[in-house]
Amino acid sequence: GMATGTAWFKVPSALKIVLTGKPSRYVGGKDVILHLIGMIGVDGALYKSLEFTGEGVASLSIDDRLCIANMAIEAGAKNGIFPVDEVTMSYVEGRFQREPVVYAADEDAEYEQVITIDLSALRPTVAFPHLPENTKTIDECNGQVKIDQAVIGSCTNGRMEDMRAAAEILKGRKVAKGVRCIVIPATQDIVLQAMKEGLIQTFIQAGCAVSTPTCGPCLGGHMGILAAGERAVSTTNRNFVGRMGHVDSEVYLSNPYVAAASAVTGYITDPAAL
């Protein structure tokens with residue numbers, strides 16, 4: 001690569017994910033991608049492109065789409081892509097100086113597989129240890145899994161919508177005794193915005209530890225590293241053996257609403273139950 005300035009890549013085949021309907025309360029992009037990974041497995045899109053389309057895309061915010069695209073790799077995909085629409089153009093406005101070039105799938109594009117997901121039928125989804133594909137709905141695990149830690153943040157769910165979701169649940173409530181709740185905004189701009197909106201104050205008053213932007217415990221780096229036998233519910237992207245600390249610890253993946261609600265009760269909890 002250094003000698004020639006080129007690299008070899010195979011053009012990936014594509015899976016078309018058709019999204020219909022609108023997500024219900026407490027359901028977001030994290031639930032969409034966890035549901036999909038639960039369907040096709042962590043190697044279900046190996047070296048493929050995941051193309052999300054359908055009228056349901058319009059109901060997803062940029063934060064939702066970024067979360068979904070981020071975790072496409074957890075299904076083995078080379079990328080996760082969305083069509084450009086008004087939501088996209090509104091987001092990119094003022095973020096660069098050049099005129100954007102819009103690409104779209106050909107009318108006769110060929111797909112290896114077409115999968116339809118009704119967003120209105122989705123429930124908050126949790127990935128149990130030790131793979132993102134080991135998914136269950138919140139109805140299957142509500143109040144049954146005791147936790148020691150809740151982590152809200154990372155590249156999947158550390159954006160402003162995620163901070164607002166967590167603060168909505170934590171406002172006026174306290175983190176359960178014996179539970180650590182760590183909130184990690186993704187960028188310094190998000191930290192500043194969260195401060196302006198009073199979210200940081202909400203987190204601190206609830207008993208959370210608020211960090212500067214970092215990957216933190218997501219990859220077992222620092223802050224909230226799990227000891228043997230400990231369990232964490234986390235908005236991060238992977239829950240492999242030893243991912244967040246000791247090999248005998250467990251990580252459960254969820255959206256920010258579920259993580260915050262679980263921090264309050266000490267068990268993986270449906271936010272609608274609070």
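Biologist: Leaving aside its neighbours within four places in sequence, which residues is Ser 13 in contact with?

Modeller: Ser 13 is in contact with Tyr 47, Lys 48, Ser 49 and Glu 112, once its neighbours within four places in sequence are left aside. Keep in mind as we go that this is a predicted model.

Biologist: How far apart are Ser 13 and Glu 110, in sequence and in space?

Modeller: Along the sequence they are 97 residues apart, while from C-alpha to C-alpha the separation of Ser 13 and Glu 110 is 8.5 Å. There is also a polar contact of 3.0 Å between the side chain of Ser 13 and that of Glu 112.

Biologist: Let me try another serine. Is Ser 154 buried or exposed?

Modeller: Ser 154 is buried, because its relative accessibility is 10%. You will find Ser 154 in helix α5 (residues 154-157).

Biologist: What does the side chain of Ser 154 make a polar contact with?

Modeller: The partner is the side chain of Thr 156, at 2.7 Å. Not counting residues up to four places away in sequence, Ser 154 also touches Ile 184, Ala 186, Thr 235 and Thr 236.

Biologist: Where does Thr 236 lie?

Modeller: Look in the loop between β10 (231-234) and β11 (250-253). With a relative accessible area of 1%, Thr 236 is buried. The side chains of Thr 236 and Ser 234 are joined by a polar contact of 2.7 Å. Beyond residues up to four places away in sequence, Thr 236 touches several others, including Lys 30, Ser 154, Thr 156 and Cys 218.

Biologist: Now for helices. How are two packed helices described?

Modeller: Two packed helices are described by the angle between their axes and by the distance between those axes. Take helix α1 (residues 29-40) and helix α2 (residues 62-70): their axes come within 8 Å and cross at roughly 30°.

Biologist: Are α1 and α2 roughly parallel or oblique to each other?

Modeller: Angles under 35 degrees count as roughly parallel, and α1 and α2 are therefore roughly parallel to each other. The crossing of α1 with α2 is right-handed.

Biologist: Which residues of α1 and α2 meet?

Modeller: From α1 come Gly 29, Lys 30, Val 32 and Ile 33, and they meet Asp 64, Cys 67 and Ile 68 in α2. The residues of this contact of α1 with α2 divide into four nonpolar, one polar and two charged.

Biologist: How many residues of helix α6 are buried?

Modeller: Eight of the 11 residues of helix α6 (residues 160-170) are buried, so α6 is largely enclosed by the rest of the structure. Among the buried residues are Met 160, Asp 162, Met 163 and Leu 170. Just after α6, Gly 172 has a positive phi of about 80°.

Biologist: How do the axes of α6 and helix α8 cross?

Modeller: The axes of α6 and helix α8 (residues 199-206) cross at roughly 45° and come within 9 Å. These two helices, α6 and α8, are therefore oblique to each other, and their crossing is left-handed. In the contact, residues of α6 including Met 163 and Leu 170 meet Leu 199, Thr 202, Phe 203 and Ala 206 in α8. The residues of the contact of α6 with α8 divide into eight nonpolar, one polar and one charged.

Biologist: And what is the handedness of the crossing of α6 and α7?

Modeller: The crossing of α6 and α7 is right-handed. The axes of α6 and helix α7 (residues 188-196) come within 10 Å and cross at roughly 40°, and α6 and α7 are therefore oblique to each other. Met 160, Met 163 and Arg 164 in α6 meet Ile 190, Gln 193 and Ala 194 in α7.

Definitions and conventions:
Residues are numbered from 1 along each chain as its sequence is written. This is a predicted model: local features need pLDDT of at least 70, side-chain atom pairs count only at pLDDT 80 or more; totals for chains, interfaces and linings use all residues. Side-chain values use heavy atoms; hydrogens and water are left out. Helices (H or I, at least four residues) and strands (E, at least two) are DSSP runs, numbered from the N terminus. Buried means under 20% relative accessible area, exposed over 50%, partly exposed in between (1.4 Å probe, protein chains only). A polar contact is a pair of N or O atoms within 3.5 Å; within protein, one must be able to donate a hydrogen and the other to accept it, and residues adjacent in sequence count only if both atoms are side-chain atoms. Contact means heavy atoms within 4.5 Å. Axes are lines fitted to C-alpha atoms, for helices over the stretch in contact, and angles run from 0 to 180 degrees between N-to-C directions. Angles under 35 degrees count as roughly parallel, over 145 as roughly antiparallel, 65 to 115 as roughly perpendicular and the rest as oblique. A crossing is left-handed if the near helix is turned anticlockwise from the far one by less than a right angle, and right-handed if clockwise. Ala, Val, Leu, Ile, Met, Phe, Trp, Tyr, Cys and Pro count as nonpolar, Asp, Glu, Lys and Arg as charged, and the others, Gly among them, as polar.
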